[in-house]
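Colleague: I'm new to this one and would like a close look at a single part of it. Could you walk me through the charged side chains that pair up, and what sits around them?

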Amino acid sequence: WETDGPDGGASQNVDLDGDGTTIYAISTSSLRDGILYKSTDQGLTWSLASTWPESTGMDTAMTVDQEGRVIIAHNPYEGGMIYQSTDEGASLQFLGGFTQSSGPVANLTVDAVGRLYSSADPETSFYTSVDHGVTWSSTGSWLSPRGIAALCAKGTTLYAASVKGNIIRSEDHAVTWVEQGDWGSATLPDRTILTAS
C-alpha cells in the first residue's frame, strides 16, 4: 500500500490478517489516525477501507474471526480500545476497552470457536471475550521478566511468545500457562527482543 506515514515517513506499526477472500492490514502512526487497508486479490492491490480515531506509535493488533469480523485492539496505554467491522472494513465501530492497565503492546487472536484473546501490561495479564469483543473478562496471568509480544491460537490451544524468548501454552482458554520452550537462547547475547510474532 506504499508509504503512508506523515510526510512520506514509514508507518510505526503494521499488522496483517485475513479470511478466505480478503486480506486486511492496519497501519498506525503517532501523528495520524489508524488506517485499515484491504486487498481482495491476494495482496496484489490495496485500498483504504476505513480509519479509526486513535494515533499511536505503539503496537496495535488485528484479527479476523471465522464470520469475517475485523477486530482491532488499540494499544493498552489508551485502555486497549476495541474497534470492529462487520461490513468488510467499510466502517469501524468502537466497542470499548479490554483493560484498565497500561503498556505498549496489544495482542489479539481468535481461536477455532470464535473466542477472542488479548493481553496487556503487565503483559502477563490475559483477557478473553466470547461476544466478538463487546465485553471482556480477565482470565489468567503468567510471571514474565518482560511481557508477552505475540499471541496465536491453533484450534483451541493458545501460544504466547515472551519478548525474552519464552514460548508458553494454554489449554484452558488462557487461565493457566506452561512453558513450552525458549527461543531466546538463539539470539545474540547482547540483543534485547523488543517484539515478536
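How many salt bridges does the count come to?

Modeller: The count comes to four salt bridges, where a salt bridge is a side-chain nitrogen of Lys or Arg within 4 Å of a carboxyl oxygen of Asp or Glu. A quick word on the ground rules: this is a predicted model, where local features need pLDDT of at least 70 and side-chain atom pairs count only at pLDDT 80 or more, while totals for chains, interfaces and linings use all residues. Residues are numbered from 1 along each chain as its sequence is written, and side-chain values use heavy atoms, with hydrogens and water left out.

Let's start with Arg69. Its side chain meets that of Asp65 in a salt bridge, 3.5 Å from N to O. Arg69 also forms a salt bridge with Glu67, and there the closest N and O atoms are 2.6 Å apart. That links Asp65, Glu67 and Arg69 in a network of salt bridges.

Now, how covered are these three? Take buried as under 20% relative accessible area, exposed as over 50% and partly exposed as in between (1.4 Å probe, protein chains only). Asp65 is buried because its relative accessible area is 5%, and Arg69 is buried too, at 16%. Glu67, however, counts as exposed because its relative accessibility is 58%.

Let's stay with Asp65 for a moment. You'll find it in the loop between β5 (61–64) and β6; strands here are DSSP runs (E, at least two residues), as are helices (H or I, at least four), numbered from the N terminus. Besides its salt bridge to Arg69, the Asp65 side chain reaches the backbone nitrogen of Glu67 at 2.9 Å. If you set aside neighbours within four places in sequence, Asp65 is in contact (heavy atoms within 4.5 Å) with Ile71, Val110 and His132.

Glu171 counts as exposed because its relative accessibility is 51%, whereas Arg169 is partly exposed because its relative accessible area is 23%.

Conventions. A polar contact is a pair of N or O atoms within 3.5 Å; within protein, one must be able to donate a hydrogen and the other to accept it, and residues adjacent in sequence count only if both atoms are side-chain atoms.
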